[in-house]
Amino acid sequence: MTDPHALPDGPYGFVGLGNIGAPMAQRMVEWPPGLVVCDLDPARVAPLRDAGASVAESAREVGRTCSAVSIMVLDDRQVRSVGGELLETLPVGAVVGVHSTIEVDTAVELAELAATAGVRVVDAPVSGGFIGAAEGRLAVLAGGDETAIDAVRPAWSKFADQVVRLGPVGGGT
């Protein structure tokens with residue numbers, strides 16, 4: 001019998017390869033069954049592609065191939081945009097972790113929208129900065145369903161040595 005809370009098969013996706021997102025994604029390059037990265041700046045994806053990650057041209061493309069995705073973009077507007085694109089193509093049961101610094105309302109609204117598509121959202125800001133990301137020592141402050149957090153915890157352990165659930169969606173933020 002299949003666990004209804006487990007992630008569907010597929011690689012892990014990472015959208016947003018800035019100062020903290022890039023080292024987070026770099027730590028996941030060898031994640032089985034693969035890593036798919038996306039950023040608007042081709043120069044940011046090149047090192048990850050060279051290290052073995054697949055490159056997607058859009059968040060929609062990430063959603064077509066991944067069962068879990070981390071979003072690490074600049075602000076609420078970008079989170080809404082990327083989240084909307086992902087929801088067009090992610091499979092039922094997928095998990096989206098939003099690591100960007102955003103407003104609580106953005107996390108809650110995205111989670112409500114995602115629920116209608118059968119996708120789970122975890123607001124999961126990180127603490128530890130560039131060095132923590134590069135060394136895999138970030139703290140993830142997660143708000144969301146416990147089973148969703150548990151589903152992505154093994155992947156997140158590549159860039160974080162602490163994943164703490166702080167209640168429902170919005171609690172991490």
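The points that follow cover the basis of the model, its pocket, its salt bridges and its surface.

1. This is a predicted model, in which local features need pLDDT of at least 70 and side-chain atom pairs count only at pLDDT 80 or more, whereas totals for chains, interfaces and linings use all residues. Residues are numbered from 1 along each chain as its sequence is written, and side-chain values use heavy atoms, with hydrogens and water left out.

2. The largest pocket holds about 480 Å³ of space. Its lining has 24 residues, and G16, L40, V73, L74 and Q78 are the closest to the centre. A pocket here is an open set of points on a 1 Å grid over the protein atoms alone, where a 1.4 Å probe fits, with protein on both sides within 12 Å along at least five of seven lines; lining residues have an atom within 4 Å of a point. The volume is the space filled by probe spheres set on the points.

3. Helix α4 (residues 76–87) gives the largest share of that lining, five residues; helices are DSSP runs (H or I) of at least four residues, and strands (E) of at least two. By class, the lining has 10 nonpolar, nine polar and five charged residues, with Asp, Glu, Lys and Arg counted as charged, Ala, Val, Leu, Ile, Met, Phe, Trp, Tyr, Cys and Pro as nonpolar, and the others, Gly among them, as polar.

4. The whole structure contains seven salt bridges, each a side-chain nitrogen of Lys or Arg within 4 Å of a carboxyl oxygen of Asp or Glu. One of them joins E135 and R137 at 2.6 Å, N to O. Shared partners link R60, E85 and E88 into one network.

5. Two further pairs are R44 with D41, at 3.9 Å between the closest N and O atoms, and D50 with R49, at 3.5 Å. D50 is exposed at 61% relative accessible area, while R49 is partly exposed at 44% (buried is under 20%, exposed over 50%, partly exposed in between, with a 1.4 Å probe and protein chains only).

6. E30 lies in the loop between α1 (21–26) and β2 (35–38) and is exposed, at 77% relative accessibility. The C-alpha atoms of E30 and K158 are 9.7 Å apart, although 128 residues separate them along the chain.

7. V164, in strand β9 (residues 160–165), is partly exposed at 34%.
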